[in-house]
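I opened this model to look up its nonpolar cores and its salt bridges. My entries follow in the order in which I made them.

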Amino acid sequence: LFRSWGRTGASSADAKATIARLRQTFRDAPTWAYELKAGRAVFDRLCASCHAMNGSPAGLGPDLSGTWRNGLDYFLENIVDPNAVVGADFQLHVITRHDGSVVAGLIDRQTDTALVVRTVTETVSVPKSAIKSHEVTPQSLMPAGLLEALPEREAIELLNFLTTAPK
């Protein structure tokens with residue numbers, strides 16, 4: 001399963017506790033008192049550089065258009081513990097060249113002679129003849145702890161935005 005799909009694993013006890021706490025915080029919140037525009041602003045600030053949504057440009061992460069249908073737990077699990085389930089297309093590739101330089105990112109495409117790698121800042125073509133080693137890590141490029149670092153109001157606004165159908 002690892003080779004064809006990616007990596008799947010269980011979240012740690014700490015991650016599960018954080019998910020449960022954030023789930024309860026969201027469910028206890030009067031979401032009618034939170035503005036979707038504020039949640040969109042949090043998304044634009046934290047997520048839009050990597051994730052496309054409803055026509056925004058694509059990035060390094062999965063397109064989130066339509067994922068509101070997946071519900072609260074989908075977002076909590078993927079944001080709190082982004083390394084528990086990582087699709088093969090989103091696993092981090094670390095390529096070391098013979099000259100010692102390193103390129104880390106996602107494989108955009110592969111030809112007979114090169115790997116084209118999308119990094120956080122650019123797309124790089126690495127000739128296969130220049131590759132000393134190529135490691136596929138089980139990690140996602142998405143950092144863990146994004147929700148926990150937000151003020152509670154912003155976390156609720158973001159989750160409210162992510163779980164609401166676009167109008």
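Entry 1. I counted two residues as in contact when heavy atoms of theirs lie within 4.5 Å. The model I examined is a predicted one.

Entry 2. I looked up Leu159, setting aside its neighbours within four places in sequence. I found Leu159 in contact with Phe26, Leu72, Phe75, Leu76 and Leu147.

Entry 3. I then turned to the largest nonpolar core, which has 24 residues. Leu159 is among those with the most contacts inside this core, as are Phe43, Leu76, Leu147, Leu158 and Leu162. I noted that helices H1 (13-28), H2 (36-46), H3 (72-80) and H4 (152-162) each give two or more residues to this core. H4 gives the most, with 6 residues. Apart from this core I found another, of 7 residues, including Val103, Val117, Val126 and Ile131.

Entry 4. I next asked how many salt bridges there are by the rule used. The count came to 6. In one of them, the side chains of Arg23 and Asp73 meet at 2.7 Å, N to O. Arg23 lies in helix H1 and Asp73 in helix H3, so this pair ties together parts that are 50 residues apart in sequence. I recorded Asp73 as partly exposed, at 29% relative accessibility.

Entry 5. The side chains of Arg118 and Asp108 meet at 3.2 Å, N to O. Arg118 lies in strand E5 (residues 114-118) and Asp108 in strand E4 (residues 102-110), so this pair ties together parts 10 residues apart in sequence. I noted that Asp108 is partly exposed, at 36%, that Arg109 is partly exposed, at 47%, and that Arg118 is partly exposed, at 22%.

Definitions and conventions
Residues are numbered from 1 along each chain as its sequence is written. This is a predicted model: local features need pLDDT of at least 70, side-chain atom pairs count only at pLDDT 80 or more; totals for chains, interfaces and linings use all residues. Side-chain values use heavy atoms; hydrogens and water are left out. A nonpolar core is a set of buried Ala, Val, Leu, Ile, Met, Phe, Trp, Tyr and Cys residues joined through side-chain atoms within 4.5 Å. Buried means under 20% relative accessible area, exposed over 50%, partly exposed in between (1.4 Å probe, protein chains only). Helices (H or I, at least four residues) and strands (E, at least two) are DSSP runs, numbered from the N terminus. A salt bridge is a side-chain nitrogen of Lys or Arg within 4 Å of a carboxyl oxygen of Asp or Glu.
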